[in-house]
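Here are my notes for when you open this one up. Have a look at the coordinates first, then go through the points in order.

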Amino acid sequence: MKTALRTICAAGVALGLAGFASAASAQETETRGNIYNQTHFQPGLYVGGGLGWGWSDDDDDWTWKGIAGWRLNQYLAVQGFYADLTDITVAGVSSDVDTFGAELLASFPVSDTMAIYGKGGLHNYDEVGSGRDTSWLAGAGVDFALSDNMSLRTEWTHYDLDSDDVDEASVQIVFGF
């Protein structure tokens, strides 16, 4: 039943994102030129945060994340994050998983106001019953420019943990400087 519910939720999110992408692409841009070259996609500092839904083999729950990063150019960025992930149950003990880490984002502009990206990195998480540990993460997402210094991201991230991996689908608002 949980698998069917997750599939239905994922399909609903995908359809909503497709509708948002269509509406965002249809918006008129200013006559100053390519808005992609005038938004946060250009080199510089950015900060943001978001909410999401995380799941593991046995559990699922709301998540939240804070990010800060530096865009090196329109194709590459490095960012740090702190995330509060789902409850994980190991040997009958349930505990929140908090993690922080660093990621490298590789972006590709699809249009003047949208870019797709993949990411990978390392994270340090609180392993249930055994203290902190470090492992890898990977993900992908879409970045929609809402204005010259603000965007909306939708992304999926997979966090590798020793006991039980966590996947997260999230929406984030990002402010560029």
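1. Start with Val171: leaving out residues up to four places away in sequence, its contacts (heavy atoms within 4.5 Å) are Gly49, Gly50, Leu51, Leu152, Arg153 and Thr154. Val171 sits in strand β8, residues 166-176; strands here are DSSP runs of E, at least two residues, numbered from the N terminus. It counts as partly exposed because its relative accessibility is 42%, between the cut-offs for buried (under 20%) and exposed (over 50%), with a 1.4 Å probe and protein chains only.

2. Some bookkeeping: this is a predicted model, where local features need pLDDT of at least 70 and side-chain atom pairs count only at 80 or more, while totals for chains, interfaces and linings use all residues. Numbering runs from 1 along each chain as its sequence is written, and side-chain values use heavy atoms, without hydrogens and water.

3. Which residues have the most contacts inside the largest nonpolar core? They are Phe81, Leu85, Tyr159 and Leu161, in a core of 15 residues. Such a core is a set of buried Ala, Val, Leu, Ile, Met, Phe, Trp, Tyr and Cys residues joined through side-chain atoms within 4.5 Å. Strand β3 gives the most to this core, four residues.

4. Tyr159 also has contacts beyond four places in sequence, among them Lys65, His123, Trp136 and Asp165.

5. On confidence: pLDDT (the predictor's per-residue confidence, from 0 to 100) averages 80 over the protein chain, with 72% of residues at 70 or more. Over residues 14-39 pLDDT stays under 50. Where pLDDT is low, the predicted coordinates should not be read in detail.
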